[in-house]
Amino acid sequence: MTLAHTLGYPRIGAHRELKRAVEAYWKGEIDAAALEATGRELRARHWQAQRDAGLDFITVGDFAFYDQVLDVSVLVGAVPPRFGAEDEVARGDVSLDTAFRMARGRAPTGTPAAACEMTKYFDTNYHYLVPELYRDQPLRLAGTRLFDEVDEALATGHPVKVVLTGPLTWLWLAKSREAGLERLARLDELVTVYGEILARLAEQGVEWVQLDEPALVQDLPRDWQQAFETAYHRLQSAPVRLLLATYFEDLGDNLGLATGLPVDALHIDCVRAPDQLERVLDRLPAYKILSVGAIDGRNIWRADLAALRERLATARMRLGERLWLAPSCSLLHVPVDLDSETRLDPELKSWLAFARQKLDEVATLARLVDNRGDDADRAALEAATAALDARRRSTRIHRSAVAERLAALRPADARRTSPYPERARAQHARLELPLFPTTTIGSFPQTAGIRTTRLAFKRGELSREAYEARMREEIAHAVERQEALGLDVLVHGEPERNDMVEYFGERLDGFAFTDFGWVQSYGSRCVKPPVIVGDVSRSRPMTVAWSEYAQSLTDRPMKGMLTGPVTLLQWSFVRDDQPRETTCRQIALALRDEVADLEAAGIGVIQIDEPALREGLPLRQSGWQGYLDWAVNCFRLSAAVARDATQIHTHMCYSEFNDIIAAIAALDADVITIETSRSDMELLDAFQDFAYPNEIGPGVYDIHSPNIPEVDWMVALMAKAAEKIPAERLWVNPDCGLKTRGWAEVEPALAAMVEAAGVLRRRF
Ligand code: GLN
Ligand code: ZN
């Protein structure tokens with residue numbers, strides 16, 4: 001019999017119950033007992049969903065109040081010394097508040113300390129807390145939470161499978177905090193702790209433990225491949241059966257390593273990497289179970305059960321009872337329950353599956369593959385096929401005009417008329433900016449007033465006219481403030497935008513929105529990505545009226561503000577029926593029309609934000625160039641329609657540019673503003689080494705901090721920048737948009753920034 005299971009389930013709850021409880025606890029509105037009760041309730045509900053769907057295991061260990069990688073750090077005693085939790089670690093009982101302090105720097109109890117760094121989990125939009133490694137810190141079993149949850153799960157009477165981030169992936173995600181300390185130097189002690197964890201789970205009566213090792217889909221150095229061998233040879237004596245889970249990509253050159261490790265079962269992602277199924281089948285030892293990730297754990301489309309049944313027939317034949325089925329990865333990355341979407345139109349709804357529906361898909365597929373499906377299973381299969389057929393034929397998906405426009409594209413469409421030096425002359429003549437021109441990244445404070453106004457409009461309590469009048473007031477206020485501060489290139493402040501992706505998605509054809517399609521991004525923060533359903537096009541201008549109005553209020557240049565094609569793609573659920581690159585080109589052409597319209601309306605500076613360019617990089621370097629080629633081309637398609645005298649800006653905010661500097665230069669934006677202040681301008685080295693030819697605005701102060709930056713400090717930073725980039729090509733601006741700050745912080749900070757620019761102009 002083919003077993004059905006899931007690698008993990010979203011823990012936030014269908015209505016973000018976990019978010020509410022955790023935030024209430026932080027604010028002191030509920031106590032720890034109430035928080036724990038919500039956790040228990042959610043776990044029970046999620047296990048019940050897995051049983052109801054007919055899965056053969058319930059999965060335990062995927063729950064976390066903040067982050068599952070953080071929970072492993074706590075479990076193995078890797079609490080950084082600054083949190084002062086040595087006693088808790090020694091007692092083997094690190095508290096929830098210590099974990100919260102690691103995550104956010106503070107908690108209802110305990111002394112605040114600098115939070116751990118947070119970063120994206122592989123190529124997802126989920127952020128984990130980076131484990132920290134110290135040379136002399138003893139690693140030891142230091143948490144009880146997992147074991148308590150296992151008891152809870154065992155009490156349900158259903159077979160239990162425990163999931164934990166595997167030791168090598170935990171270490172791969174970790175950072176050494178001491179000079180000369182190699183991460184692998186901590187492996188031996190870490191594996192000892194994992195051995196203890198497994199032994200304890202076995203004592204509790206657990207048979208199966210899933211160790212997540214997605215590090216195996218990345219380019220691993222030889223010593224890390226060797227470390228996998230060493231660690232798993234040690235763990236094979238553990239009194240449990242191990243399922244080694246890989247996901248997000250093809251195993252590639254780690255395929256032999258992964259199939260050969262001494263574990264009882266291997267999970268592979270056959271959605272991202274369908275071709276590896278045959279290769280793995282050929283290499284899998286005869287004793288080993290193969291868990292095939294057949295249902296997409298990263299996207300929201302309904303599965304093609306008929307095609308999958310056919311596709312899995314060979315695997316079933318070759319593996320017999322050794323075949324398991326699951327979603328490709330944990331369902332953490334998709335929304336919880338499609339049934340919550342009461343306002344979604346039935347046609348679109350019939351094309352989708354969220355986490356709960358995906359559980360049904362896995363279980364149904366397992367029965368179909370075994371030919372033990374009942375009438376309900378056959379009906380499910382037929383319904384899936386009918387929905388897919390409808391989707392393939394639907395006119396809301398395929399628009400011939402979009403396809404024709406794409407087909408007619410020529411290389412010249414992605415090239416500005418003249419090279420940068422000529423454009424710069426035309427722009428400088430038109431804009432007449434001083435040396436070290438000052439600007440901001442786009443948004444100004446999203447005040448409570450703005451948010452309540454938007455909500456009232458959304459609820460129908462405020463007319464469109466009244467809403468737009470209020471937004472115009474906000475824009476006028478922002479323009480007036482910027483003029484008073486003496487900024488050179490102004491922005492309208494983006495008060496009308498709820499979110500930089502949603503705003504454009506709502507105005508483009510081909511996008512759809514859900515009410516409850518929340519996915520955890522980090523901690524209690526969730527995002528609700530739009531769904532790109534069909535061919536994308538723009539039927540009318542999206543931003544022009546606002547920018548035009550803002551420009552009418554001032555003689556200074558007003559910067560038009562757009563979210564770039566790669567970022568719109570990257571922060572949405574995308575179509576699975578055409579390459580990402582095709583969808584991205586469609587978005588690029590829609591934005592191209594907006595650029596042309598802004599220009600025609602007299603806007604002389606247009607910024608196309610691409611903060612997500614870097615995160616679209618594939619997990620393996622072999623895929624980088626191909627991705628960067630089309631991503632850069634899409635940006636250029638959006639921008640290249642601009643005349644020479646129109647200045648195109650872009651903005652990016654993340655820390656590493658070294659490895660993609662050639663692509664950044666290839667964007668050929670006239671000006672790029674980047675986040676640099678926290679790196680002491682070191683991030684500019686990449687631009688200097690590359691002899692980056694266009695203009696750069698290295699952020700001079702960190703907008704994440706409420707502190708007002710010092711004039712001297714910003715002058716010093718810019719002086720440093722001028723050693724790397726010629727002063728004529730430098731701009732002065734903050735690190736990022738100001739929407740999360742208040743005016744009380746923004747005004748003095750920008751005043752100081754403008755003053756710094758004045759000092760610089762006198763000096764250079
Ligand atoms: N223009 C956007 C803003 O200022 C850019 C946001 C971002 O970089 N993520 O808010
Ligand atoms: Zn930014």
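**View 1. Polar contacts of ligand 1 in the predicted model.** The side chain of S443 places an N or O atom 2.7 Å from an oxygen atom of ligand 1. At E494, a polar side-chain atom is 3.0 Å from a nitrogen atom of the ligand. The side chain of H651 has an N or O atom 3.1 Å from an oxygen atom of ligand 1. The protein buries 91% of the 300 Å² that ligand 1 exposes when taken alone (accessible areas by the Shrake-Rupley method with a 1.4 Å probe; for residues, only the protein chains shown count as cover).

This is a predicted model, in which local features need pLDDT of at least 70, side-chain atom pairs count only at pLDDT 80 or more, and totals for chains, interfaces and linings use all residues. Residues are numbered from 1 along each chain as its sequence is written, chains are lettered from A and ligands numbered from 1 in the order in which they are written, and side-chain values use heavy atoms, without hydrogens and water.

**View 2. The shell around ligand 1.** Residues surrounding ligand 1 include I441, G442, M500, M561, D609, P611, C653, C736 and G737 (a heavy atom within 4 Å). The shell comprises 6 nonpolar, 4 polar and 2 charged residues.

View 3. T439 sits in the loop between α17 (420-431) and α18 (448-458). T439 counts as buried because its relative accessibility is 0% (buried means under 20%). Leaving aside residues up to four places away in sequence, T439 touches L487, V489, K559, W731, V732, N733, P734 and M753 (heavy atoms within 4.5 Å).

Conventions: A polar contact is a pair of N or O atoms within 3.5 Å; within protein, one must be able to donate a hydrogen and the other to accept it, and residues adjacent in sequence count only if both atoms are side-chain atoms. Ala, Val, Leu, Ile, Met, Phe, Trp, Tyr, Cys and Pro count as nonpolar, Asp, Glu, Lys and Arg as charged, and the others, Gly among them, as polar. Helices (H or I, at least four residues) and strands (E, at least two) are DSSP runs, numbered from the N terminus. Buried means under 20% relative accessible area, exposed over 50%, partly exposed in between (1.4 Å probe, protein chains only).
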